[in-house]
Amino acid sequence: MNMAEWLDRTSRHRGDAPALFLGPTLVADYRGFRDRASALARALTDRGIRPGDRVAIFMKNCPDYLIVLYGIWYAGAVAVPINAKLHGKEAAWIIGDSGAGLAFVTPDAWQGLVDATPIRVIDTTTDEFADMIRGDGDGDAPVSRGPDGLAWLFYTSGTTGRPKGVQITHGMLATMSLCYQVDVDPVAPADAAFYAAPMSHGAGLYAPIHVRMGARHVCPVSAGFDAAEVLDAAAAQGPLSMFMAPTMVRRLTDEARRKGSRGDGIRTIVYGGGPMYRADIEEAVALFGPRFVQIYGQGECPMGISVLSRDEVADRAHPRWRDRLGSVGRAQSAVQVAIGDADGRPVPTGAMGEIMVRGGPVMPGYWQDPQATARTLRDGWLMTGDVGRLDEDGYLTLQDRSKDVIISGGTNIYPREIEDVLLTHPEVHECAIVGRPSAEWGEDVVAFVVRHPGSTVDDHALDELCLAQIARFKRPKQYRYLQELPKNNYGKVLKTELRQMLGTEDT
Ligand code: AMP
């Protein structure tokens, strides 16, 4: 089924319901949203776009983003959303790899792109675009697509090497959306999706379930993440639900403290995409209350591997609540999760190994990259490249990316464990642990630490903290102090760059 069907149906039975907002301003109801998307599909067809063709979206978050996404789907074509923060050259590389014949852009993103790609670029603030979306209320139904039909090429964030295009089908999107409704948070028509994180990533993947339920879609005027704006919008337009990376939750908590806000109007913050430190989520729940749900996913199984529910995130009574809060929860309804050894054979409950997933939301493979597909999909299982363990109750705890595990003196050291300890120091703002080759031990542990402004915390104090909480051999052999950690455009720490700072090779 084409995901645009959900928009078509909602527009028929709830056409007057408010759909798209820019900040507090209503841009379109569901009938208007559908008319514009189907008009755009016609305009795309007129410009030679055929079902299965790729169309790039290099846009900041805005209501037109959804019109473009759904217009592409109405035409049966494949969306290639690209993070608007990427350099024009990086975007051009993705466009070239995907074979997109057309790109929609917002003005701020596009100049670099025009210089770097020969394809047709349409600025969504121009009259040309306004003409393309001018509907007459008589648009065509979505082009029929089966569940295996490609809907979205999702380029991985490329923390290691070139990004790869994950093929996301209409069937995967339908399944992950239904899992959102069952496992993550049931959406009601009065709710709103608030797009605080890039729509090219997780936030955009949550649009379809909100379309299905006829809920509102609110794009921040800042077009990005601004903690003060989130709090104000929630108070004025709640109930709002949104996806946030862990660093955004941290910033929201700091801002709410400054403002004396407790997050009124926020229905749900779904967090994930990177490790959430326990201290940060405990503080956020203490301040905002039970408004948080954690998900674990990756482009290859978007937003769809496991979930730690609202009640579990807020629970402080269960004898093992701390362990559970440090986990990524239990498998979502449509997938099976297992832990495998180096050959992908299941290991006993509680043992550490690579996390493997199979089920409806798992990708059929990477775009035109059979070698990478064969490495990642084995015997029907997605090898996630994440290391973790499952307990007897089915809770999955992530340790690290397998590439980040440090092997010192023949023993595995999981950076996350040391990072968790260092972050309990009130003067440590951020930290990241990496391995450095050592002739004596194989690898040594090195800590990169960002201190709070004015802090004088030193090696000695941090060493004491580690010695009080973890085995001696795990404590860092060296501390390096930085102003900030290198991060990619999704806020993920680039350990590759940290290793390069140490002068080590990285693949
Ligand atoms: P991406 O494909 O860019 O979304 O990155 C996916 C990776 O982010 C996963 O393979 C994990 O390593 C990490 N990740 C995603 N969700 C979580 C989470 N809830 N906790 C810790 N790490 C996560």
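How much space lies in the largest cavity? About 60 Å³. This is a predicted model, where local features need pLDDT of at least 70 and side-chain atom pairs count only at pLDDT 80 or more, while totals for chains, interfaces and linings use all residues. Residues are numbered from 1 along each chain as its sequence is written, and side-chain values use heavy atoms, with hydrogens and water left out.

By cavity I mean a set of points on a 1 Å grid over the protein atoms alone where a 1.4 Å probe fits but cannot get out; lining residues have an atom within 4 Å of a point. Points are joined across faces, edges and corners, and the volume is the space filled by probe spheres set on them. Searching the whole structure gives 2 cavities of 30 Å³ or more.

The largest one is lined by Tyr180, Ala193, Phe194, Tyr195, Ala203, Tyr206, His210, Ser241, Met242 and Phe243. That makes 8 nonpolar, 2 polar and no charged residues, counting Ala, Val, Leu, Ile, Met, Phe, Trp, Tyr, Cys and Pro as nonpolar, Asp, Glu, Lys and Arg as charged, and the others, Gly among them, as polar. Strands S9 (192-194) and S11 (240-244) each supply at least two lining residues; strands here are DSSP runs of E, at least two residues, numbered from the N terminus. S11 gives the most, with 3 residues.

Now the second largest cavity, with about 40 Å³ of space. Its lining includes Tyr271, Met276, Gln294 and Arg416. By class, the lining has 5 nonpolar, 3 polar and 1 charged.

Key. On a 1 Å grid over the protein atoms alone, a cavity is a set of points where a 1.4 Å probe fits but cannot get out, and a pocket is an open set with protein on both sides within 12 Å along at least five of seven lines; lining residues have an atom within 4 Å of a point. Helices (H or I, at least four residues) and strands (E, at least two) are DSSP runs, numbered from the N terminus.
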